[in-house]
Amino acid sequence: MISPAPRSNLKKLGILPLIAIIFLTVSGGPYGLEPLLGHAGKNGALLLLIITPILWDIPTIFTVLELNSMMPVTGGYYQWVKKALGLRWAWYEGWWTWLYTFVDLAIYPVLFTEYAAFFFPEIHPYKIPVCLFIIWSSAGLNILGIVPVGKISVFLGAVVLAPFIILFYMAFAHHAGSFAFPHLSLKGLGFAPLGLALYTIMWNFIGWDNVTTYAEEVNKPVRTYLISVFTAFVLIFSVYFLAVLVAQQTGVDPAKLEKEGFPVVGTIIAGHWLGALLSFGGMASALGLYSAVLLSVSRVPKVMADDGLLPEKINKLHPKYKTPYVSILVCSVVISFMVLWTFTDLLIIDVTLYGAALFLEFVTLIIFRIKLPDMPRPFKIPLNVYGLGLMALLPFSVYITALGGAFYSNGKNWLPAVFAIGALLSAEVVWRLILWRRKKI
């Protein structure tokens, strides 16, 4: 088995590039929030955007920060679950996360082509070649190492945020007439659209645990993660809230917004030039998200291979850059076959798989509190075991509501939900194959 090369002589991430990577891993800007107004309506959109992060993200962030402060190691959540629950459940955690990230990554090259169509309407027939170019150029960047990804993330993060800062300034500073804040209410919102609205928000807020898989490559990881995660959360929520509020004030048709994205809002407020800037930002967002998420997921197969759960060659490090280049290449091959899926189906599958893996982390947190109460925790949630159990029920309730809404839908939204459940069950099937293979050796 190949051991990881020493990393002490390698450059490590600081606070600013980590904030940028977290921003691009979790968010990448409001791109992807466009369907929310159509699902939740003008009164429900902002209310759900306020409530959902409190119930879904705050417990997740606290859990990730405590676990990462205990074990800031390469592999992050996989290593936490393995120590608390054993190798079998660690396999579940790694497998589910690997699957959900393949689905997640398939979205971004497609989004890139959608926003590029603002400039090049004829790009649609060339969608697949463009997507493949993005996939494999991002693979090359990730092979170069975490520091180049961090530098690119800072640049792309600025490119994503700048058009929205201009949009907010134009909307508020040059607004003529009354500015009506919507009445916050879920009255009249059906169960099925509620589920889709929750899926939309949850997808735009997932990935906090993904940014811990390369903790050993971060300078002073406990302090750096604490500052970076909370800064990124405030930034992400603020941008989302203002983007949806401004879109509502324009009176844009929700169907048009879902189809053409935030560039249509920019066009309404300031003209074609701002729509073009927002489209360019959408392209940068897709590139940044893809590269940042690939950085996190490529570290997980490596640690699974170290434990003999995946072929040993997948954990091979690049001789010069010391990055898991075989894992990066394997991820890129799989994603190359998934870029034909629809956005809505990918979103439902994505969040369903992610939620299952996330709840293993909540279980891990509680088990650590029971079995390892004296293990150093530079960051500790100020709750006892029972309080942690109640805290875990908050994101679980959001998850079940969203999944129930997908099944309740009169359309075909239940099909990706069924597929996602089948993908969850595949972890046990593959685990049995691993055990059978080990007995044969």
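Here's a quick chat about the cysteines and salt bridges in this predicted model.

Me: How many disulfides does the count come to?
Reply: A disulfide needs two cysteine sulfur atoms within 2.5 Å. For cysteine 131, the nearest cysteine sulfur is that of cysteine 331, 17 Å away, and cysteine 331 is likewise in no disulfide. So with that cut-off of 2.5 Å, the count comes to 0 disulfides.

Me: Is cysteine 331 buried or exposed?
Reply: The cut-off for buried is under 20% relative accessible area. Cysteine 331 has a relative accessible area of 0%, so it counts as buried.

Me: Which residue forms a salt bridge with arginine 369?
Reply: Look in helix H14 (residues 343-371) for arginine 369; its partner sits in helix H2 (residues 36-70), 303 residues apart from it. The closest N and O atoms are 2.9 Å apart, and the partner is glutamate 66.

Me: Where is aspartate 307, the salt-bridge partner of lysine 82?
Reply: The two side chains meet at 2.9 Å, N to O. Lysine 82 is in helix H3 (residues 77-85), 225 residues apart from aspartate 307. At 22% relative accessibility, aspartate 307 is partly exposed, and its place is the loop between helix H12 (299-306) and helix H13 (325-336).

Me: What separates glutamate 428 and arginine 432 along helix H16?
Reply: These two form a salt bridge, with N and O atoms 2.8 Å apart. They're 4 residues apart in helix H16 (residues 414-440), so the separation is about one helical turn.

Terms used: Residues numbered from 1 in each chain as written. Predicted model: local features only at pLDDT ≥ 70, side-chain atom pairs only at ≥ 80, totals over all residues. Heavy atoms only, no water. Buried < 20%, exposed > 50% of the residue type's maximum accessible area, 1.4 Å probe, protein only. Salt bridge = Lys/Arg side-chain N within 4 Å of Asp/Glu carboxyl O. Helix = DSSP H or I, 4+ residues; strand = E, 2+ residues; numbered from the N terminus.
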